[in-house]
Amino acid sequence: MLTINALAASDSVLIPVNPQLWSATGLTQLLKIIVKVKKRINPCISIEGILMTMCNTRTNLYKEAFRLVKVYYRETFRIFNVQIPLSVKVDEANFYSQSIIQFKPKSKVAAH
């Protein structure tokens, strides 16, 4: 219900995707929910694109997940060229209730 309420109040959605199997499944479900919300509640909502997050770009898992996202969604949605790298600094920033830019503005993740 929280997701539907947030989508009902939104102008657009940026979809973060973690390069893992269950994240891809979640992406499919989220897109179905967005389509329903657009039809029934908020016809003005748009999808800005898909942003890969928590990425270790050196792994085969990441490369395959990113490839699949591009294969299935590039014709329909913008796939951002920037990928947010996996970093413990993000978890630390969350722990201190700060954005990564506030917590470690010169970190690799904040630069993206």
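A polar contact is a pair of N or O atoms within 3.5 Å, where, within protein, one atom must be able to donate a hydrogen and the other to accept it, and where residues adjacent in sequence count only if both atoms are side-chain atoms. The structure is a predicted model, in which local features need pLDDT of at least 70 and side-chain atom pairs count only at pLDDT 80 or more, while totals for chains, interfaces and linings use all residues. Residues are numbered from 1 along each chain as its sequence is written, and side-chain values use heavy atoms, with hydrogens and water left out.

The side chain of Q83 makes such a polar contact with the side chain of Y62, at 3.4 Å, and a polar atom of the Q83 side chain also lies 2.7 Å from the backbone oxygen of N81. Q83 belongs to the loop between α3 (60-73) and α4 (88-95), helices here being DSSP runs of H or I with at least four residues and strands runs of E with at least two, numbered from the N terminus. With a relative accessible area of 16%, Q83 is buried (under 20%; exposed is over 50% and partly exposed lies in between, with a 1.4 Å probe and protein chains only).

At the start of α4, a side-chain oxygen of S87 comes to within 3.0 Å of the backbone nitrogen of K89, and after this helix follows S97, with a positive phi near 55°.

L14 has G49 of β2 as its bridge partner.

Two pockets are described next. A pocket is an open set of points on a 1 Å grid over the protein atoms alone, where a 1.4 Å probe fits, with protein on both sides within 12 Å along at least five of seven lines, and lining residues have an atom within 4 Å of a point.

| Largest | About 240 Å³ | Q20, A24, A65, L68 and V69 |

The largest share of the lining of the largest pocket, 7 residues, comes from α3.

Methods
Grid points are joined across faces, edges and corners, and a volume is the space filled by probe spheres set on the points. Two strands pair if DSSP finds at least two bridges between them.
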